[in-house]
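The sequence and model come next.

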Amino acid sequence: MSGDGNQLAHGFEALNPAEEATLSPAQRFLQVELELNVHLKQLTFSEPVRYIYKPLEYAWETHRCYVEKYCRGGQSILFLGMNPGPFGMAQTGVPFGEIKSVVDWLEITGEVGRPPDEHPKRRITGLSCTRSEVSGARFWGFFKKLCDEPARFFQHCFVHNLCPLIFMSASGKNLTLPELPVAERKSLLAHCDTALCQAVEALGISMVIGVGRVAEQQARRALSAAGIDVRVEGIMHPSPRNPQANKGWEEVVRAKLEELGVLSLLTRA
């Protein structure tokens with residue numbers, strides 16, 4: 001499959017319940033993402049949005065590698081981010097996808113294409129990216145120290161972003177979802193919330209841990225509105241924009257995971 005996302009754009013076909021029952025956990029998860037992508041293609045965005053990158057199209061190959069390798073079923077915990085970062089998932093197709101973590105620890109491979117409309121200051125270079133995303137380096141670096149091998153982490157956990165799109169202004173500034181026009185953000189999140197609920201049910205998740213307060217609150221609203229009985233918690237976001245995260249993020253998160261009963265799952269011999 002090429003990295004340009006054409007298969008993703010045209011490869012979605014709705015399945016009947018009998019067909020869905022035969023899918024593996026990874027296939028069910030990818031099916032949810034394929035369906036979400038179809039809905040998001042119908043949306044339009046106005047100022048301040050000028051550029052929209054869709055990693056689930058141009059980085060579909062590496063994203064699929066990540067899902068097929070690590071979405072195994074029997075995972076009860078879903079770590080949930082909001083949307084891709086410019087030097088993380090936007091480059092690699094992997095949530096919090098800081099390049100060294102993706103290549104060296106997660107051992108993700110595949111071709112990454114390019115978005116049709118790129119900002120000259122925000123080029124996509126895929127797995128050749130030389131910039132490091134601090135949030136991703138902190139996130140995956142912490143779990144590497146904790147678990148040593150990816151298999152231990154992914155035995156119980158999976159990592160996902162609520163929204164697969166990254167938005168930029170004309171200057172190339174990364175726009176967070178709260179910075180989008182209200183009506184457009186609501187339409188976007190309505191589709192993303194539905195997909196989250198489908199993914200949680202498909203994988204049998206019992207706890208969603210929002211990475212950052214916004215992700216936690218959005219997950220709680222979405223799952224509660226859908227009547228899905230899943231525990232929703234949160235950890236501090238590792239972004240360098242967060243002053244608290246720059247003062248010992250790992251210690252704060254370790255303490256929170258211990259409080260939630262998650263730490264023992266990841267450190268058990």
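## Basis and terms

Two strands count as paired if DSSP finds at least two bridges between them. Strands (E, at least two residues) and helices (H or I, at least four) are DSSP runs, numbered from the N terminus. The model is predicted, so to speak of local features requires pLDDT of at least 70 and side-chain atom pairs count only at pLDDT 80 or more, while totals for chains, interfaces and linings use all residues. Residues are numbered from 1 along each chain as its sequence is written, and side-chain values use heavy atoms, with hydrogens and water left out.

## Parallel pairs

Strand 2 (residues 77–81) pairs with strand 3 in the parallel sense over 5 bridges. The bridge partner of Ile-77 in strand 3 is Cys-157. Strand 3 is mostly covered, with 5 of its 5 residues buried; buried means under 20% relative accessible area, exposed over 50%, and partly exposed in between (1.4 Å probe, protein chains only). In a regular strand the side chains alternate between the two faces of the sheet. From strand 3, Cys-157, Val-159 and Asn-161 point one way and Phe-158 and His-160 the other way, and all are buried.

Strand 6 (residues 207–211) and strand 7 run parallel and are joined by 5 bridges. Met-207 has Arg-231 as its bridge partner in strand 7. Of the 5 residues of strand 7 (residues 231–235), 4 are buried, so this strand is largely enclosed by the rest of the structure.

An open sheet of 3 strands has the order 1-4-5, and its pairing is antiparallel. Strand 1 (51–53) and strand 5 stand at the edges with a single partner strand each, so one side of each is left without a neighbour in the sheet. Strand 4 (residues 166–168) pairs with strand 5 in the antiparallel sense over 2 bridges. The bridge partner of Met-168 in strand 5 is Asn-174.

## Aromatic contacts

Rings of Phe, Tyr and Trp (its six-membered ring) pair if their centres lie within 6.5 Å; planes under 30 degrees apart count as stacked, over 60 as edge-to-face and the rest as tilted. By this rule there are 21 aromatic pairs. Phe-29 and Phe-158 form an edge-to-face pair, because their ring centres are 5.2 Å apart and their planes stand at 85°. This pair links distant parts of the chain, with Phe-29 in helix 3 (residues 25–40) and Phe-158 in strand 3 (residues 157–161), 129 residues apart. Phe-29 and Phe-158 are both buried.

Trp-140 and Phe-153 have ring centres 5.8 Å apart and planes at 75°, so this pair is also edge-to-face. Trp-140 lies in helix 8 (residues 134–147) and Phe-153 in helix 9 (residues 150–156), so the pair ties together parts 13 residues apart in sequence. Trp-140 is buried, with a relative accessible area of 1%, and Phe-153 is buried, with a value of 0%.

## Charges over rings

A charge sits over a ring if NZ of Lys or CZ of Arg is within 6 Å of the ring centre and within 35 degrees of the ring normal. The charged end of Arg-50 sits over the ring of Tyr-51, 4.4 Å from its centre. Arg-131 has its charged end over the ring of Phe-87, 4.1 Å from the ring centre.

## Cavities

On a 1 Å grid over the protein atoms alone, a cavity is a set of points where a 1.4 Å probe fits but cannot get out, and lining residues have an atom within 4 Å of a point. Grid points are joined across faces, edges and corners, and a volume is the space filled by probe spheres set on the points.

Phe-29, Val-32, Glu-33, Leu-36, His-160, Ala-195 and Ala-199 line the largest cavity. Helix 3 gives the most to this lining, with 4 residues; helix 3 and helix 10 (182–203) each supply at least two. The lining divides into 5 nonpolar, 1 polar and 1 charged residues, where Ala, Val, Leu, Ile, Met, Phe, Trp, Tyr, Cys and Pro count as nonpolar, Asp, Glu, Lys and Arg as charged, and the others, Gly among them, as polar.

## The largest pocket

A pocket is an open set of points with protein on both sides within 12 Å along at least five of seven lines. The largest pocket holds about 1,100 Å³ of space. It is lined by 42 residues, of which Ser-135, Thr-176, His-237, Ser-239 and Arg-241 lie nearest its centre. The lining of the largest pocket divides into 19 nonpolar, 15 polar and 8 charged residues. Helix 11 gives the largest share of this lining, 4 residues. Among the elements that each supply at least two residues are strand 6, strand 7 and helix 12 (249–260).
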